[in-house]
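Colleague: I'm new to this one. Please walk me through it.

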Amino acid sequence: MPELLIEGGTVVTQNADREVIRDGAVAIEGDRIIAVGTTADLNDRYDPDRRLDASGTAVIPGLVNPHTHVSDILLRGSCGTDRGLYDWLFNVKQPGIARMTAEEHELAAALYCAEALSAGVTTFVENDAEMLLGETDAMTAKFDAYEAAGLRSIYARGIRDLPVDDDFQGLVDRVAGRDPSVEHPDQERYVEPLEDWLEELARLHDDYHGSADGRHEIWVAPVVIEGMTDEGLREAYRFAAARDVMTTIHTAEAPGQAEGWLSPVEHLRNVGSLGEHALLAHCVHIDERDVRLLGETDTRVAHNIASNMALGNGFAPVGAMRSHGVTVGLGTDNAILSDTVNPLADLRLAAMAHKGHHTDPGVLPAEAALDMVTIEAARSMRKGEELGSLEAGKRADVVVLDLDLPHLTPVPDAVNAVVYQTLGSEVETVLCDGEVVVEGGVPTGVTEAYPDLHARATAAAERIVEASGIAEGER
Ligand code: FE
């Protein structure tokens, strides 16, 4: 018998038949959905312990974010805008992160969770690119915040094993020359021998994968192809396949990264790093041959429309990827770039921007767009059997969106409304694993665990920006 019946809402199931059920209901027992149907039908079948009146709402699957970074949320608004990738990375992000304490990483994680949950996110993949080898205190402090928040956190531990050469150091120096007042971290601090990374990864996975009642996972993130040896890329994929997790890599994000004899996708193919255990972030500067390789190898992609636009990196060939059967989820990437970690806001942007860029209004229809933050996003991280749709047997990750608002009136088609009309601020209730984690728009667990979160995060942000010299950087 269900413990909870969410009833009376428009249920957007995202199942294979794309059913949308008016006056629909979702029955939940423990951490699972046990039935989805009309309110009348489920009331005939069940006498639940509790009921949640969802009239005037859309009931959608918990949103899934396949690519994001967490700690730099505290650098939001700190001269980080209107810069290209390397300018932003070397002059803002890396200097800021290098000055953060473990407690500040934890505050960043709490703030991230509060915002993400309030926007309906129940699962995210964190690509932690700047965490140094052995910074266990900072990593586990973040894990504490994720557990308190109650959502699903996938921590992809960043690794980098290619020694810094003169060409790369020259690039860093020229970019850093723009902001001499900033304290630029030495690039060598991020590079460690592969065996040391693999040893730490194994320990992290042994100790934390499956923690937080199974909601927390450990993956591996070779940060960027240009920072990795061939052996490092190969071993990262092997680690992911052996432990049944995924590897996630920034790939062909900016134009310069696609230069050379081999495309980045071919390079990954040749070292054995494409396949169902690989989730590539971006894939903006790839051609038709690369897209075909991604499709043939069942490699997954996290598209990041807002960050690609903010950094002036261009538009990923999402239409071509769909045509070749590539599984594509939509990520929010860095909060510091798009200034949000709000998938519904980015979803609207993606659905509109691709039509304009590709001069094709059918390149990303509303249903396909919604898939990119629900079922396709779940598949992009090999979780399509568990997450991403409202169906009996799946995890009870559910979002209730208020539709009784001026900008959501009228709603003849709930899918269109969710994609084109929502702002991401309509979230009333969120369940993760059957537990209520947002109630009345408030992320309850993280709010209780971190009182005065906004004031503390603001104070921490000011300290970090001051200590790193970012505050004096040029705009
Ligand atoms: Fe990223």
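**Pockets, cavities and a helix pair**

Modeller: The second largest pocket has a lining of two nonpolar, two polar and nine charged residues. Nonpolar means Ala, Val, Leu, Ile, Met, Phe, Trp, Tyr, Cys or Pro; charged means Asp, Glu, Lys or Arg; the others, Gly among them, are polar. The model is predicted, so local features need pLDDT of at least 70 and side-chain atom pairs 80 or more, while totals for chains, interfaces and linings use all residues. Numbering starts from 1 along each chain as its sequence is written, and side-chain values use heavy atoms, without hydrogens or water.

Colleague: How much space lies in that second largest pocket?

Modeller: About 210 Å³. It has 13 lining residues, and R152, G214, E217, K383 and E386 are the closest to its centre. A pocket is an open set of points on a 1 Å grid over the protein atoms alone, with protein on both sides within 12 Å along at least five of seven lines; lining residues have an atom within 4 Å of a point.

Colleague: And what volume does the largest pocket have?

Modeller: About 940 Å³. Its lining has 40 residues. Closest to the centre are Y86, F168, V224, E226 and G227.

Colleague: Which element gives the most to that lining?

Modeller: Helix α2 does, with seven residues. α5 (166-176), α8 (264-270) and β14 (333-334) also supply at least two each. Those labels are DSSP runs numbered from the N terminus: helices are H or I with at least four residues, strands E with at least two.

Colleague: How do the residues of this lining divide?

Modeller: Into 19 nonpolar, eleven polar and ten charged.

Colleague: What lines the largest cavity?

Modeller: H69, V70, S71, D72, K93, I97, H105, N127, D128, A129, E130 and M131. The space is about 60 Å³. α2 (85-98) and β7 (121-128) each supply at least two lining residues. The lining splits into four nonpolar, four polar and four charged.

Colleague: What about the second largest cavity?

Modeller: About 50 Å³ of space lies there. Its lining includes A129, E130 and M131, along with L132, Y190, W197 and V223. By class, seven lining residues are nonpolar, one is polar and two are charged.

Colleague: New topic. At what angle do α3 and α4 cross?

Modeller: Roughly 30 degrees, with the axes of α3 (residues 102-118) and α4 (residues 136-149) coming within 8 Å. That makes α3 roughly parallel to α4, a term for angles under 35 degrees.

Colleague: Which residues meet there?

Modeller: From α3, they include A102, H105, E106, A109 and L117; from α4, they include D137, A138, A141, Y146 and A149. The contact has ten nonpolar residues, one polar and four charged. Contact means heavy atoms within 4.5 Å.

How values were computed:
1 Å grid on protein atoms, 1.4 Å probe; cavity = no way out; pocket = protein on both sides within 12 Å on 5 of 7 lines; lining within 4 Å. Points joined across faces, edges and corners; volume = space filled by probe spheres on them. Axes fitted to C-alpha atoms, helices over the stretch in contact; angles between N-to-C directions. Parallel < 35°, antiparallel > 145°, perpendicular 65-115°, else oblique.
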